[in-house]
Amino acid sequence: YAWAHQATEAQFVSLDGEEVKSIAPTHDLALLAELNIARLTQVMGRVRNGAGLPANGIDAVCAHCEMRGLCRKGEWTSLPTPLRGRDG
């Protein structure tokens, strides 16, 4: 959103149990936005070529995820490192 709106400031929302925190980026927002667009372009290019989307959640959160069966994180995290890297 920062890139699309050419924002000069933004904040992330962090959920920590019952606590909600607002965290401002410590680096240049315009640079972060450009780097994120480059990353998304690369990932979507891989998806167009047949790669699956990687699950990015941490184990503590994924353990409670209702979509775990779709991403099959338990299966791909048990793969050897070179095979895991192909999709992500």
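I take helices (H or I, at least four residues) and strands (E, at least two) as DSSP runs, numbered from the N terminus. With that rule I read the pattern β-β-α-α-α-α-α along the sequence. I count five helices and two strands in the protein.

**Ground rules.** I am looking at a predicted model, where local features need pLDDT of at least 70 and side-chain atom pairs count only at pLDDT 80 or more, while totals for chains, interfaces and linings use all residues. I number residues from 1 along each chain as its sequence is written, and side-chain values use heavy atoms, with hydrogens and water left out.

**Confidence.** I checked pLDDT, the predictor's confidence in each residue, from 0 to 100. The protein averages 79, and 76% of the residues score at least 70. Where is confidence lowest, and where is it highest? Helix α5 (residues 81-84) has the lowest mean, 47. Strand β2 (residues 19-23) has the highest, 92. Over residues 82-88 pLDDT stays under 50. For that stretch the model has nine contacts (heavy atoms within 4.5 Å) beyond four places in sequence.

**The hairpin.** I looked at strand β1 (residues 12-16) next. Five bridges join β1 to β2, and the two run antiparallel. Two strands pair if DSSP finds at least two bridges between them. β1 and β2 form a hairpin with two residues between them. G17 sits in the turn, with a positive phi of about 65°. L15 stands opposite V20 in β2.

**A salt bridge.** My rule is a side-chain nitrogen of Lys or Arg within 4 Å of a carboxyl oxygen of Asp or Glu. By this rule I find one salt bridge. Which side chains meet in it? D16 and K21 do, at 3.8 Å, N to O. Side chains of opposite charge can pair when their charged atoms come close.

**Cover.** I call a residue buried under 20% relative accessible area, exposed over 50%, and partly exposed in between (1.4 Å probe, protein chains only). Buried residues make up 9% of the 88 residues. D16 is partly exposed at 44%. K21 is also partly exposed, at 32%. V20 is exposed, at 58%.

**Surface.** Accessible areas come from the Shrake-Rupley method with a 1.4 Å probe; for residues, only the protein chains shown count as cover. The protein exposes about 7,600 Å², and carbon and sulfur atoms supply 57% of it. V13, L15 and V20 form a nonpolar patch with about 340 Å² of accessible area together. Patch residues have over 30% relative accessible area and no salt bridge; like charges are joined within 9 Å, nonpolar side chains (Val, Leu, Ile, Met, Phe, Trp, Tyr) within 5 Å.
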